Amino acid sequence: MFGYVLPRRDKLSETDNARYRAAYCGLCRCLKQRYGFRARFLVNYDMTFLYFLLQEGEAKQPERCRCPARPFCKKDCLPSDGAMEYAADLSVLLSCWKLRDAKRDDGFFRRAAAGFCLRLYKKAFRKAAALREQENRVFAEQLERLSALEDQRCESIDRAADAFASLLKACAGYHADETLRRTEELLLYHVGRFLYLTDALEDLPKDNKSGAYNPLRYRYALQDGKLTQADKEQFLETVDASISMAASALELLPETADREILKNIIYYGLPAVLHCVADGSFRKKGNRK
């Protein structure tokens, strides 16, 4: 996935920091249990957020488990439940669809690497697709729609972002309650829009150089491969509007045990990531404020 849906760790309490790490490790363990060891490499921050959004009831107490990256030390892991398993299944599906999209890339090595990884996860993808047929069908439809827009060199950032946002909206299929699900769909739609546009902003210099599709290349008149200051400010306003809509949807959801983690991600994490990407200081590995 993209790795942009992050908390601001400096604004999380020590307890919530520990629970966030335990959820990430729990998702990693759940992927291994359901899809085998190599599926651990598909663990990501975006689906950790999805777990916190969907989980309900009393706060789960962490268990101690061994980490393959540090085999001689144990870590806290939240136990698997329905929400964790759902997040694990969608981690596999979305990661594989992203790899399929990478196979359309112009770079030979990128296409070759994506093809190799798809073969590694072929069995896991089939299993996840069988378990989550409806979600997988929406993923396929929206990515096909997005691919068509890319082939057309669509100038509308809203149309391109809508396709990916509609894809992420489908990740709200866990709850049967229609009112709850619709609110989660609204929240995930705008998180998806944030993801797509933030990724487009970060990839703009690379895409401009390679000639790859990026809606910002066609929507704005670039200067030296970058947005002008006025265009960047206008663009950031539209992404901030989606963050605000996600925050409004969050306020409509019932209270959950880990509500503060969700609020931190939406209110602090997403704006921080957006503006770090805008000023070029964002890094997908290491600590982030």
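**Note on the core, the cavity and a pocket**

1. The lining of the largest cavity is 10 nonpolar residues and one charged residue, with no polar ones. The model is a predicted one. Keep that in mind for each point below.

2. How many cavities of 30 Å³ or more does the structure hold? One. About 60 Å³ of space lies in the largest cavity. Its lining has 11 residues. Asp-46, Met-47, Phe-49, Leu-168 and Leu-188 lie closest to its centre. Helix 2 (45-54) and helix 8 each give two or more residues to this lining. Helix 2 has the largest share, with four residues. Rolling a probe the size of a water molecule over the atoms shows where empty space is left.

3. Now the nonpolar core. The largest one has 93 residues. Val-191 and Phe-235 have the most contacts inside it. Helix 3 (residues 82-102) gives the most to this core, namely 13 residues.

4. Which residues does Val-191 touch, leaving out those up to four places away in sequence? They are Val-5, Phe-49, Leu-168, Ala-246, Ile-266 and Leu-270. Look again at Phe-49 and Leu-168. Both are among the residues closest to the centre of the largest cavity, and Val-191 touches both.

5. Which residues of helix 10 are buried? They are Phe-235, Leu-236, Thr-238, Val-239, Ser-242, Ile-243, Ala-246, Ala-247, Ala-249 and Leu-250. Read the numbers along the helix with its turn in mind. An α-helix has 3.6 residues a turn, so residues three or four places apart point the same way. The buried residues of helix 10 pack against helix 7 (157-169), helix 8, helix 9 (215-219) and helix 11.

6. Last, a pocket. The second largest pocket holds about 250 Å³ of space. It is lined by 14 residues. Nearest its centre are Leu-201, Pro-205, Lys-232, Val-277 and Ala-278.

7. Which helix gives the most to that pocket lining? Helix 8 does, with four residues. Helix 8 (178-210) and helix 11 (259-279) each supply at least two. By class, the lining of this pocket has eight nonpolar, two polar and four charged residues.

Terms used: Residues numbered from 1 in each chain as written. Predicted model: local features only at pLDDT ≥ 70, side-chain atom pairs only at ≥ 80, totals over all residues. Heavy atoms only, no water. 1 Å grid on protein atoms, 1.4 Å probe; cavity = no way out; pocket = protein on both sides within 12 Å on 5 of 7 lines; lining within 4 Å. Points joined across faces, edges and corners; volume = space filled by probe spheres on them. Nonpolar A, V, L, I, M, F, W, Y, C, P; charged D, E, K, R; others polar. Core = buried A, V, L, I, M, F, W, Y, C linked by side-chain atoms within 4.5 Å. Buried < 20%, exposed > 50% of the residue type's maximum accessible area, 1.4 Å probe, protein only. Contact = heavy atoms within 4.5 Å.
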